[in-house]
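Here's a quick tour for anyone meeting this structure for the first time. Have a look at it, then read on.

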Amino acid sequence: MQVKIADSWKNILQPLFVKSYFTELTNFVTLEYKAQQCFPDASDIFAAFDFCDFNALKVVIIGQDPYHGIEQANGLCFSVKEGVKHPPSLKNIFNEMTTDLNTAYPKSGNLEKWAKQGVLLLNATLTVRAHEAGSHQKQGWETFTDEVIAQISQEKENVVFLLWGKFAASKMQLINTDKHIVFTAPHPSPLGAWRGWFGSKHFSKTNTYLKSIGMKEIAW
(Lines give C-alpha, C1' and ligand atoms only; values in the text may rest on other atoms or scores of the structure.)
Protein backbone atom coordinates (compact mmCIF):
# COMPACT_ATOMS: atom_id res chain seq x y z
CA MET A 1 0.00 0.00 0.00
CA GLN A 2 1.51 3.30 -1.10
CA VAL A 3 0.84 6.16 1.29
CA LYS A 4 0.87 9.49 -0.52
CA ILE A 5 -0.58 12.31 1.53
CA ALA A 6 -1.24 15.97 0.82
CA ASP A 7 1.35 18.21 2.47
CA SER A 8 -1.17 19.89 4.78
CA TRP A 9 -1.91 16.55 6.50
CA LYS A 10 1.66 15.36 6.99
CA ASN A 11 2.12 16.68 10.55
CA ILE A 12 -1.15 14.98 11.55
CA LEU A 13 -0.74 11.66 9.78
CA GLN A 14 3.01 11.01 9.61
CA PRO A 15 3.25 10.03 13.33
CA LEU A 16 0.45 7.50 12.78
CA PHE A 17 2.17 5.83 9.83
CA VAL A 18 5.13 4.72 11.97
CA LYS A 19 3.02 2.96 14.60
CA SER A 20 3.20 -0.82 14.73
CA TYR A 21 -0.52 -1.33 14.07
CA PHE A 22 -0.26 0.72 10.88
CA THR A 23 2.63 -1.43 9.64
CA GLU A 24 0.47 -4.53 10.19
CA LEU A 25 -2.46 -2.81 8.48
CA THR A 26 -0.28 -1.88 5.50
CA ASN A 27 0.86 -5.50 5.13
CA PHE A 28 -2.74 -6.73 5.30
CA VAL A 29 -4.02 -4.24 2.71
CA THR A 30 -1.09 -4.89 0.36
CA LEU A 31 -1.72 -8.63 0.41
CA GLU A 32 -5.48 -8.17 -0.03
CA TYR A 33 -5.05 -5.93 -3.07
CA LYS A 34 -2.67 -8.48 -4.63
CA ALA A 35 -4.87 -11.52 -3.96
CA GLN A 36 -8.40 -10.09 -4.19
CA GLN A 37 -10.40 -7.44 -5.98
CA CYS A 38 -10.63 -4.56 -3.51
CA PHE A 39 -12.06 -1.05 -3.47
CA PRO A 40 -11.42 1.79 -3.85
CA ASP A 41 -8.58 1.79 -6.37
CA ALA A 42 -5.27 1.72 -4.51
CA SER A 43 -4.55 5.26 -5.67
CA ASP A 44 -7.81 6.46 -4.06
CA ILE A 45 -7.44 4.90 -0.59
CA PHE A 46 -6.43 8.24 0.94
CA ALA A 47 -8.50 10.43 -1.39
CA ALA A 48 -10.38 12.00 1.54
CA PHE A 49 -7.14 13.64 2.62
CA ASP A 50 -5.97 14.48 -0.90
CA PHE A 51 -9.09 16.47 -1.80
CA CYS A 52 -9.69 18.16 1.57
CA ASP A 53 -6.86 20.44 2.67
CA PHE A 54 -6.31 20.26 6.43
CA ASN A 55 -5.92 24.02 6.67
CA ALA A 56 -9.27 24.54 4.93
CA LEU A 57 -11.12 21.85 6.91
CA LYS A 58 -14.58 23.00 8.02
CA VAL A 59 -16.79 19.91 8.11
CA VAL A 60 -16.28 16.21 8.86
CA ILE A 61 -18.73 13.55 7.66
CA ILE A 62 -18.06 10.03 8.96
CA GLY A 63 -19.02 6.90 7.05
CA GLN A 64 -18.34 3.26 7.88
CA ASP A 65 -17.12 1.28 4.83
CA PRO A 66 -16.39 2.04 1.18
CA TYR A 67 -18.97 0.80 -1.32
CA HIS A 68 -18.12 -2.78 -2.29
CA GLY A 69 -19.75 -2.83 -5.73
CA ILE A 70 -17.90 -2.58 -9.02
CA GLU A 71 -16.72 0.93 -9.94
CA GLN A 72 -18.54 2.63 -7.05
CA ALA A 73 -16.06 3.67 -4.34
CA ASN A 74 -13.76 6.63 -4.97
CA GLY A 75 -12.21 7.06 -1.52
CA LEU A 76 -14.76 9.58 -0.21
CA CYS A 77 -17.54 8.37 2.09
CA PHE A 78 -21.00 8.19 0.50
CA SER A 79 -19.48 9.33 -2.83
CA VAL A 80 -19.32 7.40 -6.10
CA LYS A 81 -17.32 7.76 -9.28
CA GLU A 82 -18.55 10.01 -12.06
CA GLY A 83 -21.42 8.51 -14.04
CA VAL A 84 -22.18 5.77 -11.49
CA LYS A 85 -25.77 5.18 -10.38
CA HIS A 86 -26.46 6.75 -6.99
CA PRO A 87 -26.69 4.15 -4.18
CA PRO A 88 -29.76 4.36 -1.89
CA SER A 89 -28.04 6.24 0.96
CA LEU A 90 -26.63 8.83 -1.42
CA LYS A 91 -30.07 9.27 -2.99
CA ASN A 92 -31.50 10.02 0.44
CA ILE A 93 -28.65 12.43 1.19
CA PHE A 94 -29.39 14.30 -2.02
CA ASN A 95 -33.15 14.20 -1.45
CA GLU A 96 -32.77 15.76 2.00
CA MET A 97 -30.26 18.29 0.66
CA THR A 98 -32.52 19.42 -2.18
CA THR A 99 -35.47 19.83 0.20
CA ASP A 100 -33.38 21.57 2.84
CA LEU A 101 -31.72 24.02 0.46
CA ASN A 102 -34.38 24.16 -2.27
CA THR A 103 -31.86 23.12 -4.94
CA ALA A 104 -31.96 20.77 -7.89
CA TYR A 105 -31.10 17.09 -7.44
CA PRO A 106 -27.43 16.61 -8.53
CA LYS A 107 -26.65 14.56 -11.63
CA SER A 108 -23.26 13.47 -10.32
CA GLY A 109 -22.77 11.38 -7.20
CA ASN A 110 -19.10 12.34 -7.03
CA LEU A 111 -18.66 14.44 -3.87
CA GLU A 112 -15.18 15.75 -4.71
CA LYS A 113 -16.60 19.27 -4.93
CA TRP A 114 -17.61 19.04 -1.27
CA ALA A 115 -14.16 17.80 -0.29
CA LYS A 116 -12.41 20.61 -2.16
CA GLN A 117 -14.41 23.12 -0.08
CA GLY A 118 -13.18 21.69 3.22
CA VAL A 119 -15.50 18.73 3.84
CA LEU A 120 -13.58 15.66 5.02
CA LEU A 121 -15.53 12.63 3.78
CA LEU A 122 -13.98 10.00 6.02
CA ASN A 123 -14.88 6.33 6.14
CA ALA A 124 -13.88 4.57 9.38
CA THR A 125 -12.50 1.73 7.25
CA LEU A 126 -10.78 2.89 4.08
CA THR A 127 -10.74 -0.35 2.07
CA VAL A 128 -13.00 -3.33 1.40
CA ARG A 129 -12.99 -6.57 -0.57
CA ALA A 130 -15.32 -6.61 -3.58
CA HIS A 131 -18.87 -7.71 -2.73
CA GLU A 132 -17.95 -8.37 0.92
CA ALA A 133 -19.19 -5.59 3.16
CA GLY A 134 -17.09 -5.10 6.29
CA SER A 135 -14.36 -7.45 5.08
CA HIS A 136 -11.52 -5.07 6.05
CA GLN A 137 -12.92 -4.06 9.41
CA LYS A 138 -10.95 -4.71 12.63
CA GLN A 139 -7.60 -4.76 10.81
CA GLY A 140 -6.42 -1.38 12.08
CA TRP A 141 -8.29 1.13 9.95
CA GLU A 142 -10.66 2.07 12.78
CA THR A 143 -7.70 2.78 15.08
CA PHE A 144 -6.17 5.00 12.40
CA THR A 145 -9.33 6.96 11.60
CA ASP A 146 -10.22 7.36 15.30
CA GLU A 147 -6.79 8.92 15.82
CA VAL A 148 -7.40 11.21 12.84
CA ILE A 149 -10.71 12.39 14.31
CA ALA A 150 -9.10 12.97 17.71
CA GLN A 151 -6.26 14.92 16.12
CA ILE A 152 -8.69 17.11 14.18
CA SER A 153 -10.56 17.77 17.42
CA GLN A 154 -7.33 18.72 19.16
CA GLU A 155 -5.67 20.79 16.44
CA LYS A 156 -8.66 22.62 14.94
CA GLU A 157 -11.50 24.79 16.23
CA ASN A 158 -15.09 25.32 15.08
CA VAL A 159 -15.30 22.22 12.89
CA VAL A 160 -18.80 20.93 12.13
CA PHE A 161 -19.04 17.17 12.68
CA LEU A 162 -21.99 15.49 10.93
CA LEU A 163 -22.65 12.13 12.57
CA TRP A 164 -25.23 10.08 10.70
CA GLY A 165 -26.38 6.87 12.34
CA LYS A 166 -25.38 5.02 15.52
CA PHE A 167 -21.92 4.06 14.27
CA ALA A 168 -20.96 7.63 13.42
CA ALA A 169 -22.52 8.89 16.66
CA SER A 170 -20.19 6.57 18.60
CA LYS A 171 -17.32 8.83 17.49
CA MET A 172 -18.70 11.65 19.66
CA GLN A 173 -16.34 10.56 22.44
CA LEU A 174 -13.37 11.60 20.27
CA ILE A 175 -14.63 15.16 19.75
CA ASN A 176 -14.21 18.11 22.10
CA THR A 177 -17.70 19.58 21.96
CA ASP A 178 -16.52 22.73 23.73
CA LYS A 179 -14.46 23.59 20.62
CA HIS A 180 -16.57 22.08 17.87
CA ILE A 181 -20.22 21.68 16.90
CA VAL A 182 -21.82 18.27 16.34
CA PHE A 183 -25.05 17.51 14.50
CA THR A 184 -26.46 13.99 14.72
CA ALA A 185 -29.20 12.28 12.73
CA PRO A 186 -30.30 8.76 11.81
CA HIS A 187 -28.36 7.13 8.98
CA PRO A 188 -29.59 8.12 5.50
CA SER A 189 -29.95 4.49 4.41
CA PRO A 190 -33.50 3.44 3.48
CA LEU A 191 -33.58 1.27 6.62
CA GLY A 192 -33.50 4.23 8.98
CA ALA A 193 -33.90 7.48 7.04
CA TRP A 194 -37.59 7.69 7.92
CA ARG A 195 -36.68 7.88 11.64
CA GLY A 196 -35.49 11.47 11.34
CA TRP A 197 -32.92 11.75 8.58
CA PHE A 198 -35.47 13.52 6.42
CA GLY A 199 -36.03 16.94 7.92
CA SER A 200 -32.73 16.97 9.83
CA LYS A 201 -31.59 20.01 7.80
CA HIS A 202 -27.90 19.38 8.40
CA PHE A 203 -26.87 21.19 5.23
CA SER A 204 -28.53 24.48 6.12
CA LYS A 205 -27.58 24.12 9.80
CA THR A 206 -23.94 23.68 8.81
CA ASN A 207 -23.99 26.75 6.61
CA THR A 208 -25.79 28.83 9.23
CA TYR A 209 -23.09 27.92 11.74
CA LEU A 210 -20.21 28.61 9.33
CA LYS A 211 -21.71 31.97 8.44
CA SER A 212 -22.13 32.82 12.14
CA ILE A 213 -18.37 32.43 12.73
CA GLY A 214 -17.42 34.35 9.58
CA MET A 215 -16.50 31.35 7.43
CA LYS A 216 -17.53 30.73 3.84
CA GLU A 217 -20.56 28.48 3.49
CA ILE A 218 -20.38 25.14 1.66
CA ALA A 219 -21.86 25.12 -1.84
CA TRP A 220 -23.50 21.75 -1.40
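A disulfide is a pair of cysteine sulfur atoms within 2.5 Å. By that cut-off, a search of the whole structure turns up 0 disulfides. This is a predicted model, where local features need pLDDT of at least 70 and side-chain atom pairs count only at pLDDT 80 or more, while totals for chains, interfaces and linings use all residues. Residues are numbered from 1 along each chain as its sequence is written, and side-chain values use heavy atoms, with hydrogens and water left out.

**Cysteines**
- Cys77 is in no disulfide either.
- Cys52 is buried (under 20% relative accessible area; exposed is over 50%, partly exposed in between, with a 1.4 Å probe and protein chains only), at 0%.
- Cys77 is buried as well, also at 0%.

- Leaving aside residues up to four places away in sequence, Trp114 touches several residues (contact means heavy atoms within 4.5 Å), among them Ile61, Phe94, Met97 and Trp220.

**Leu101**
- Leu101 sits in helix α4, residues 88-101 (helices are DSSP runs of H or I, at least four residues, and strands are runs of E, at least two, numbered from the N terminus).
- At 26% relative accessibility, Leu101 is partly exposed.
- Not counting residues up to four places away in sequence, Leu101 touches Phe203, Ser204 and Trp220.
- His202 is 101 residues from Leu101 along the chain, with 10.0 Å between their C-alpha atoms.
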